[in-house]
Amino acid sequence: MEELDPVALRKEFPLLETRRRPDGKRLVYLDSASSSQRPYQVLEAMDTYYSTTHANVHRGVYAIAEEATRQFEEARAKVGRFVGAPNPATEIVFTKNATEALNLVAHSYGRGRLGMGKAVLLTEMEHHANLVPWLMLAGERGTELRYLPITDSYQLDLSDLDKLVDGAGVVAVSAMSNVLGTVNDLRPIVEAAHAAGAVVVVDASQLVPHRVVDVAAIGADFVAFTGHKMLGPTGIGVLWGREGLLEEMPPFLGGGEMIRDVRLDGFTTNDIPWKFEAGTPPIAEAIGLGAAVDYLESVGREAIAAHERALTYQAIELLTDRHGDDIRIFGPGPDDPNRGGVISFAYRDIHPHDLAQVLDSSGVCVRAGHHCAKPLMRRLGVSATARASLYLYNDEEDVTALSDALAKAGEFFG
Amino acid sequence: MSGLEDLYREIILDHYRSPRNRGELPVPPAQRVEGFNPLCGDEVVVFLEFADGVVKDVKIAGQGCSISQSSASMMSAAVKGKSIEEARQLISSFKAMMSIHEQAIGGDGSDGERAEANIPPDGLGELAALQGVVKFPVRIKCATLSWNTLAQALDEATAGVAADGAA
């Protein structure tokens, strides 16, 4: 495995290459867990598609329409192979984002196939995207929601797993926390869920961009992720679902594309995956996501994971060595080999919003807020955190810039 | 740190470090209203007690950034002892000051009378220190959180009075 070179990689990301801070230095972008930047290869793929090939898909019989359809379906197959889908052509559903993918499952499986009286088991560390759709279902049908708690060392507490999963029809869990960086061991959860007759829904939005994810190896039934966190465009998300389950489920949105026949008194649905893709899909975005997959594979996912592991370790060591008790990190320690490159923290008693503002004046972009995980914030006993997140284009210089900017913020607020 | 001093004026930091009227009031007789900023998770709780149409006492609870907390602190100092009508006027002056930039960036367009930028705010006293916030559009909601909460408390109080009168 060849080590990746973040300085060389950054040259391929136009925003990172051209955008400058007021003092002329390069931007320090530490918010990829919220949304990554994208290389010119992705931008060019979308540009080229619009400039040379655009027509609606699955409709026209003319040459460019066939070419657009072929590129769109090739992108689907590419994304499917990237996450190890056993049947890439039928099991990959393109959505607007991961949120829509999870809403699709909560709606079509939750309302369509989940038996009355069956509970849904979630966790305390879920992003609102894997929480609110289930709360909506509970509000409508009275579905009981249960939660796997987290331990004081920021891991899922599985000690009552067997009891909690008993009577559940769905277990919906994050593969990696967008706040803590905790990468969950899904194996025992999947085993217990399947033994109890529940399907497993995995929100892999934070994991797919950073690690090799193989849906078959995970053994889940649905896996959702999003394009814009993995160097792809916004406006496209992905749901992988088991072929048999997708076949059984009623559609989510109604309209063109998802139908086989429509009469004035009813309709029949298209085959999967198109049954779940009502209306003109995000064609250029799918092609852009395909290009992002090519890019990630050309850099090498093992190399990306190794780079991030090393940098995360360095970052936590540097921040705690230099700032001592002034910094409190909410997440597993640097020695946890499964830990992702998301570092949430509090600095002195400076509110994260103020902290992010002062860091911005040093050209350091971090996220501040509840990270769409308000129940987790309550569990941590805070209203918000600051969060720095790392990706393939970050390096030690970025981490040092963060550390320097924190010291400046400390001086500013005295 | 260009521009930061415009945002974090000394008086703002002073109210943040030593917030005025911090605490709670017994409900009733006080009115209790909560406000949330969904962006950053800030929460402000405003306790208001009235006597003869005047804000007799006010207390602020909750948590948030320096802008939301100092704005709430300054607000509490400004409305204490004011009539409900005067408090409403203060809210509208303050929100007009904050709306200058909202309009420029396509905000909700209310308070059209202050469409021109940089009108010096009248009668706002030290609250004028928060004017620098308009240069940081994301933070406007931090500054207005307690004021919107106060407006809601006043609405509820007057609605309550009307309901009592009808009963």
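Author: **A threonine in a loop, and the chain around it**

A:Thr143 sits in the loop of chain A between helix H7 (132-141) and strand E4 (145-148). The model is a predicted one. Is A:Thr143 buried or exposed? Its relative accessible area is 10%, and A:Thr143 is called buried because the limit for that word is under 20%. Which residues does A:Thr143 touch, once the neighbours within four places in sequence are set aside? They are A:Leu114, A:Lys118, A:Ala119, A:Val120, A:Leu137 and A:Ala138.

Other loops of chain A hold residues with backbone features to note. A:Glu257 is in the loop between helix H11 (243-248) and strand E9 (259-263). The phi angle of A:Glu257 is near 70°, which is positive although the residue is not glycine. With a relative accessibility of 9%, A:Glu257 also counts as buried. A:Arg348 has a positive phi as well, about 45°, and is not a glycine either. This arginine belongs to the loop between E12 and H14 of chain A. A:Arg348 is partly exposed, at 40% relative accessible area.

A further loop of chain A, between strand E10 (266-269) and helix H12 (283-299), contains A:Pro273. The peptide bond leading from A:Ile272 to A:Pro273 is cis, with omega near 5°. Chain B has a cis peptide bond too, between B:Pro28 and B:Pro29, where omega is about 10°. B:Pro29 is found in the loop between helix H2 (10-17) and strand E1 (31-37) of chain B.

Next come the domains. Chain A is assigned domain 1 (6-30 + 300-413) and domain 2 (43-297). Their C-alpha centres are 28 Å apart. The contact involves 38 residues of domain 1 and 33 residues of domain 2. Between them the two domains of chain A bury about 2800 Å², with 55% of that area on carbon and sulfur atoms. On the domain 1 side, A:Arg301, A:Arg379 and A:Tyr391 supply 26% of the area buried against domain 2, more than any other three residues.

How many salt bridges cross the interface of domain 1 and domain 2 of chain A? There are three. A:Arg379 and A:Asp152 meet in a salt bridge, with 3.0 Å from N to O. Residue pairs in polar contact between the two domains of chain A, both at pLDDT 80 or more, number 19. Elements giving two or more residues to the domain 1 side are helix H13 (301-323), strand E11 (327-330), strand E12 (342-347) and helix H15 (374-380) of chain A. That side divides into 19 nonpolar, eight polar and 11 charged residues.

Last is the meeting of the two chains. Chain A gives 16 residues to the contact and chain B gives 23 residues. Together they bury about 1600 Å², of which 57% is on carbon and sulfur atoms. A:His353, A:Gln357 and A:Phe412 supply 36% of the area chain A buries against chain B, more than any other three residues. The chains share one salt bridge. A:Asp354 forms a salt bridge with B:Arg139, and the closest N and O atoms are 2.9 Å apart. Helix H14 (352-360) and helix H16 (396-413) of chain A each give two or more residues to the side touching chain B. H14(A) provides the largest share of that side, four residues.

Note on methods: Residues numbered from 1 in each chain as written. Chains lettered and ligands numbered in written order. Predicted model: local features only at pLDDT ≥ 70, side-chain atom pairs only at ≥ 80, totals over all residues. Heavy atoms only, no water. Contact = heavy atoms within 4.5 Å. Buried area = accessible area lost by both parts, 1.4 Å probe. Salt bridge = Lys/Arg side-chain N within 4 Å of Asp/Glu carboxyl O. Domains from an automatic or database assignment. Polar contact = N/O pair within 3.5 Å; in protein donor to acceptor, adjacent residues only side chain to side chain. Nonpolar A, V, L, I, M, F, W, Y, C, P; charged D, E, K, R; others polar. Buried < 20%, exposed > 50% of the residue type's maximum accessible area, 1.4 Å probe, protein only.
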